[in-house]
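Here is a short briefing to read alongside the model. Have a look at the structure first, and then we can walk through how its parts pack.

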Amino acid sequence: MAETYVAKRETKGRKDLTHPDEPAPLVVPVYDNHCHLDIDDGEDPLGLAEQLARAERAGVAGVVQASGDIESSRWAVAAAERDPRVLAAVAIHPNDAPIYAAEGRLDEALSVIDELAAHPRTRAIGETGLDYFRTGEDGHAVQRESFEAHIALAKKHGIAMQIHDRDAHRDVLDTLARVGAPEKTVFHCFSGDADMAREAADRGYWLSFAGNVTFKNAQNLRDALAVTPRERILVETDAPFLTPMPHRGRPNAPYLVPLTMRFMADELGTDLDELCAQVAANTQEVYGAFA
């Protein structure tokens, strides 16, 4: 399992498919709270063991392996069983929910997620939510149905929930307010602005920032970071996607978290070690202990 992959990332149009050099390690370790190590990427794909070894050398003590379908959810649980540095998040992605529904398998898929969520190494339902960018209006009703079912599962199992929100900010927030959010709700790869960040933090949600906070065209994310209380900040890679600058477009991996952490500390004008300690504590508050 550990050296196999569930999916392969598209390479078309990408110029450099080599993994970046390992950055200077963090002194105070943090956690990558959202990655997809089951996706094959790059000229020389990294297996799970190498991913975790590089992460550990970089000061990334553990990862939350996120999922989007039945196969990747099972992979996540198997990886978490195998290595104490991995915790699992299981879910049907909002863009996959209409596909399962069209095949008449959404209820079956949700039952599998329910079963996997009961595993002690599963600490989150995710990623779930709404995506109005890739799925048209004909799929929105199914997305909302699936999102609400995932919210119920997070509550049932008493675990966190990782939200995927793309071009659906208001509907996501309104759904959470209407049905009641799980106690520990994380906006994975936060994509809103400062106003949304304030609202989410005021509700007690966590905001997870990925490598795109370093992109030149992402001022909205830097504005959101600036107003987010430190106790609500998490960090992630969303690997193999969203590789931080100066390596945008190349394969991403948890060992590159230090680039994002250093950028965020500079943006906030704060001590890197202090920010790392806060983000690590936040991560453990949401997901519990890794080992």
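This is a predicted model: local features need pLDDT of at least 70, side-chain atom pairs count only at pLDDT 80 or more; totals for chains, interfaces and linings use all residues.

Helices (H or I, at least four residues) and strands (E, at least two) are DSSP runs, numbered from the N terminus. Residues are numbered from 1 along each chain as its sequence is written, and side-chain values use heavy atoms, with hydrogens and water left out.

- Proline 229 counts as partly exposed because its relative accessibility is 30% (buried means under 20% relative accessible area, exposed over 50%, partly exposed in between, with a 1.4 Å probe and protein chains only).
- Its C-alpha atom is separated by 9.3 Å from that of aspartate 202, 27 residues apart along the chain.

**Helix 8 with helix 9**
- Helix 8 (residues 219-227) and helix 9 (residues 257-268) pack at an angle of about 70 degrees, with axes 10 Å apart (axes are lines fitted to C-alpha atoms, for helices over the stretch in contact, and angles run from 0 to 180 degrees between N-to-C directions).
- The two helices, helix 8 and helix 9, are therefore roughly perpendicular (angles under 35 degrees count as roughly parallel, over 145 as roughly antiparallel, 65 to 115 as roughly perpendicular and the rest as oblique).
- On the helix 8 side, Arg222, Leu225 and Ala226 meet Phe263, Met264, Glu267 and Leu268 of helix 9 (contact means heavy atoms within 4.5 Å).

**Helix 4 with helix 5**
- The axes of helix 4 and helix 5 (residues 140-157) come within 10 Å and cross at roughly 20 degrees.
- That angle makes helix 4 roughly parallel to helix 5.
- Residues that meet across this pair include Leu110 and Ile113 from helix 4 and Ala149 and Leu153 from helix 5.

**Nonpolar cores**
- The largest nonpolar core has 75 residues, and Met261 and Met264 are among those with the most contacts inside it (a nonpolar core is a set of buried Ala, Val, Leu, Ile, Met, Phe, Trp, Tyr and Cys residues joined through side-chain atoms within 4.5 Å).
- Helix 4 (residues 106-117) gives this core its largest share, seven residues.
- Leaving aside residues up to four places away in sequence, methionine 264 touches Phe209, Val213, Leu225, Ile233, Val235 and Leu275.
- A second, separate core of 13 residues includes Val64, Leu87, Ala89 and Ala124.
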